[in-house]
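This briefing is meant for someone looking at the model for the first time. Please keep the sequence and the structure in view while reading the points that follow.

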Amino acid sequence: MAAAAAAEGVPSTQREEPVRDDAAVETAEEAKEPAEADITELCRDMFSKMATYLTGELTATSEDYKLLENMNKLTSLKYLEMKDIAINISRNLKDLNQKYAGLQPYLDQINVIEEQVAALEQAAYKLDAYSKKLEAKYKKLEKR
């Protein structure tokens, strides 16, 4: 096409450049630089906004760590309370075991007495049955 344009006598500066489908390529006419004062102001604005953003991010992270620290402190206190409760329970359990051990001879005596009472009760029932038989024999003999 350039050869055809040269053959027609059209100067090369007025020739059309090939049309590109690539939208990312800018032509010299599209790239306009803003005035120097505008760039400075835009940079200041960008840095100011970036500083505000980063400050917010760091503040949020710092607050998260403070919250986590407070939660850890509360959890630690709760575990200390639970430790104290467990120590008290253990101490009370040892006391109860010692008291039970002190009462064990008496409990054994109660069991022996209970067995003796049961045996005595059985003997009383047998004696009652035997006395009823004797009474029946006595009445039988008395009637004769």
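Predicted model: local features only at pLDDT ≥ 70, side-chain atom pairs only at ≥ 80, totals over all residues.

A residue is called buried when its relative accessible area is under 20%, exposed when that area is over 50%, and partly exposed in between. By this scale Glu-135, with a relative accessible area of 43%, is partly exposed.

**The chain as a whole**

- The chain contains two helices and zero strands, and helix 2 covers residues 36-143.
- Of the 144 residues that make up the chain, 1% count as buried.
- The accessible surface of the chain amounts to about 14,100 Å², and carbon and sulfur atoms account for 59% of that surface.

**Salt bridges**

- The structure holds six salt bridges, among them the pairs Glu-69 with Lys-73, Glu-81 with Lys-78, and Glu-135 with Lys-139.
- In the salt bridge between Glu-69 and Lys-73, the closest N and O atoms are 3.5 Å apart. Because Glu-69 and Lys-73 are four residues apart in helix 2, about one helical turn separates them. Glu-69 counts as partly exposed because its relative accessibility is 43%, and Lys-73 is likewise partly exposed, with a relative accessible area of 48%.
- The side chains of Lys-78 and Glu-81 meet in a salt bridge with an N to O distance of 3.9 Å. Here the two residues are three apart in helix 2, so Glu-81 and Lys-78 are separated by about one helical turn. Glu-81 has a relative accessible area of 44% and is therefore partly exposed, while Lys-78, at 49%, is partly exposed as well.
- Glu-135 and Lys-139 also join their side chains in a salt bridge, at 3.6 Å from N to O, and both residues lie in helix 2, four residues apart, which is about one turn of the helix. Glu-135 is partly exposed at 43%, and Lys-139 is partly exposed with a relative accessible area of 46%.

**A patch of positive charge**

- On the surface, Lys-133, Lys-137, Lys-140 and Arg-144 gather in a patch of positive charge.
- One of these residues, Arg-144, is found in the segment after helix 2, and Arg-144 counts as exposed because its relative accessibility is 77%, where the cut-off for exposed is over 50%.

Key
Residues numbered from 1 in each chain as written. Heavy atoms only, no water. Buried < 20%, exposed > 50% of the residue type's maximum accessible area, 1.4 Å probe, protein only. Areas by Shrake-Rupley, 256 points an atom, 1.4 Å probe, with all protein chains shown as cover. Patch = residues over 30% accessible without salt bridge, like charges linked within 9 Å, V, L, I, M, F, W, Y side chains within 5 Å. Salt bridge = Lys/Arg side-chain N within 4 Å of Asp/Glu carboxyl O. Lys, Arg positive; Asp, Glu negative; His and termini not counted. Charge placed at Lys NZ, Arg CZ, Asp CG, Glu CD.
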